[in-house]
Amino acid sequence: MTDKPKSGAEHFDFVGDTASGHSLRQSQQSDRMLRAILDQTFQFIGLMTTDGTLIDANETALKFSGVNKADVVNKPFWEGPWWTHSPQLQQTLREAIIQAAAGKFVRFEVTHPAADGSIHHVDFSLKPVMDDVGNVCLLIPEGRDITDHKRAEEALRAAHLQLAQSARLVSVGTLSAGIAHELNNPLTAILGLAQMMQKESDNTDKTKEEAAIIEKAAFRMKTVIDHLCAFCTESASEDWTQLNINQPIQDSLILLKTQLKDRGISVNLQLGEDLSPIPGSSRELETLFHNLITNSRDAFDSIKDDRKKEILIRSERVSGGVRITFKDNAAGMTEEVKEKIFNPFFTTKTVGKGTGLGMSVTLGILRRHEGKISIDTKLSEGTTFELFFPDLAFEQDTN
Ligand SMILES: Nc1ncnc2c1ncn2[C@@H]1O[C@H](COP(=O)(O)OP(=O)(O)OP(=O)(O)O)[C@@H](O)[C@H]1O
Ligand SMILES: [Mg+2]
């Protein structure tokens, strides 16, 4: 410890307090040992005055940020390289220092940028050190890098989520096969009769109007049943073939082009020309892209600013298959919504507008194509889906 501490620390040296009665050599040796322990530990450890002036930091903390001790000591701790990436974190730290200076042990999770620019997660704490009469004379900031732990936790959570989704899809599949079977016939009768009642010349206008309402409601039920049927089978569709994925993308756009144009949404289509063919069902893939496009279309509804509304659809050849990037600059989603979008019947749309089945159907289709999907979304800024389809050897499904 060479730097002279500021207020509150004049009588304290981090590892250099020479107790009277010890020889100078003994004391220096024990100082060196303590210093070595501090510097070798995996933890970030420092020392500061009660007003938050850093007076020492161990090698681990300095190396992590690629700074020299002289750059950081005798300065407010929150102005150190561990904190400056986030003014909000700096503020939290300042408040924590006040609490610790009042004698409280404070602990919270923070992020620190490493020398290579990567952001690490750190379990951070501030410990008050009391003097002989019980006054807080110093504070010890400590940090433990928990980035790996966090990553493992995140991977485990994602795996759990995936498992739960798969299980849910299977049970919805079994259930919906039964429902679809039982409801289809009576529904066809209701629809047919409602349509006939509207054409019947003997019926009054009021009856015809009511019949139209019945037809609309029955039609909606039919849509739900059709959607549910996408779960009914685990086996591939009849039109399973070796295909160029650009085709179903273009087909889905043919149907929706006018709708998008009417709402001022432009489509930036960047289709790769050298894509490897993938085994799949054109009909199912068209449904998948239809679902993604209609979701983006609806997500633009709440956008009231004058941004240029755009959906980007890019297909490109990558190792082992085809990657599709599907990106909109619409409303985006909260973390909470993002986690639920594959749940059957989950919707944020008003009653009657969405069934909440679109993304579950999409996931089912992806699974049949052995594909993968990842989502990146930011509230008010937009959503990016990245899909991957493997160019597996073509196999005729015989189920
Ligand atoms: N591109 C997107 N931007 C913002 N939110 C989205 C996007 N895609 C999906 N979502 C959210 O995910 C929810 C579920 O989507 P999903 O397609 O499964 O059902 P839905 O669109 O609500 O109903 P349906 O597809 O049956 O009409 C949506 O209600 C919406 O909140
Ligand atoms: Mg949808």
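Predicted model: local features only at pLDDT ≥ 70, side-chain atom pairs only at ≥ 80, totals over all residues.
Colleague: How many helices and strands does the chain have, and what share of its residues counts as buried?

Modeller: The chain has 10 helices and 12 strands. Of its 399 residues, 26% count as buried. Among contacts between residues at least 6 apart in sequence, 62% join residues at least 24 apart.

Colleague: How do you know that the span of helix H1 agrees with its number of residues?

Modeller: Helix H1 covers residues 24–40, which is 17 residues. At 1.5 Å a residue the helix should span 24 Å, and its end C-alpha atoms are 24 Å apart, so the two values agree.

Colleague: Why is H1 said to lie largely in the open?

Modeller: A residue is buried if 20 or more other C-beta atoms lie within 10 Å of its own. Of the 17 residues of H1, the number buried is one, so the helix lies largely in the open.

Colleague: Why is His 149 called exposed?

Modeller: The limit for an exposed residue is 12 or fewer C-beta neighbours. His 149 has 12 inside 10 Å and therefore counts as exposed. This residue lies in helix H5, residues 147–199. His 149 and His 121 are 28 residues apart in sequence, and their C-alpha atoms are 9.1 Å apart in space.

Colleague: With which strands does E1 pair, and over how many bridges?

Modeller: Strand E1 (residues 44–48) pairs with strand E5 (residues 136–145) in the antiparallel sense over three bridges. Ile 45 stands opposite Glu 142 in E5. Three bridges also join E1 to strand E2 (residues 54–57), and these two run antiparallel. Gly 46 stands opposite Ala 57 in E2. The hairpin of E1 and E2 has five residues between the strands, and Gly 52 takes a positive phi near 90 degrees.

Colleague: What makes a group of residues a nonpolar core, and which residues touch the most other members of the largest one?

Modeller: The members must be buried residues of nonpolar kinds, joined through C-beta atoms within 7 Å. The largest nonpolar core has 26 residues, of which Ile 245, Phe 289, Leu 292, Val 322 and Phe 326 touch the most other members. Elements that each supply at least two residues of this core include helix H8 (282–299), strand E9 (310–318) and strand E10 (321–328). The largest share, six residues, comes from H8. Apart from this core lies another, of 23 residues, among them Met 48, Trp 82, Trp 83 and Val 106.

Colleague: Which residues are closest to ligand 1, and which classes make up its shell?

Modeller: Of the 23 residues that surround ligand 1, the closest are Asn 295, Thr 347, Gly 354, Gly 358 and Met 359. H8 and H10 are the elements that give two or more residues to this shell. The largest share, four residues, comes from H8. By class, the shell has nine nonpolar, 12 polar and two charged residues.

Colleague: Why is Thr 347 called partly exposed?

Modeller: Thr 347 has 18 other C-beta atoms within 10 Å, whereas a buried residue needs 20 or more and an exposed one 12 or fewer, so the count falls in between. Thr 347 is placed in the loop between helix H9 (335–340) and H10. Not counting residues up to four places away in sequence, Thr 347 touches Gly 354, Thr 355 and Gly 356.

Terms used:
Residues numbered from 1 in each chain as written. Chains lettered and ligands numbered in written order. Expected span 1.5 Å × (residues − 1). Near = placed C-beta within 6 Å. Nonpolar A, V, L, I, M, F, W, Y, C, P; charged D, E, K, R; others polar. Pairing = 2+ DSSP bridges. Contact = placed C-beta atoms within 7 Å.
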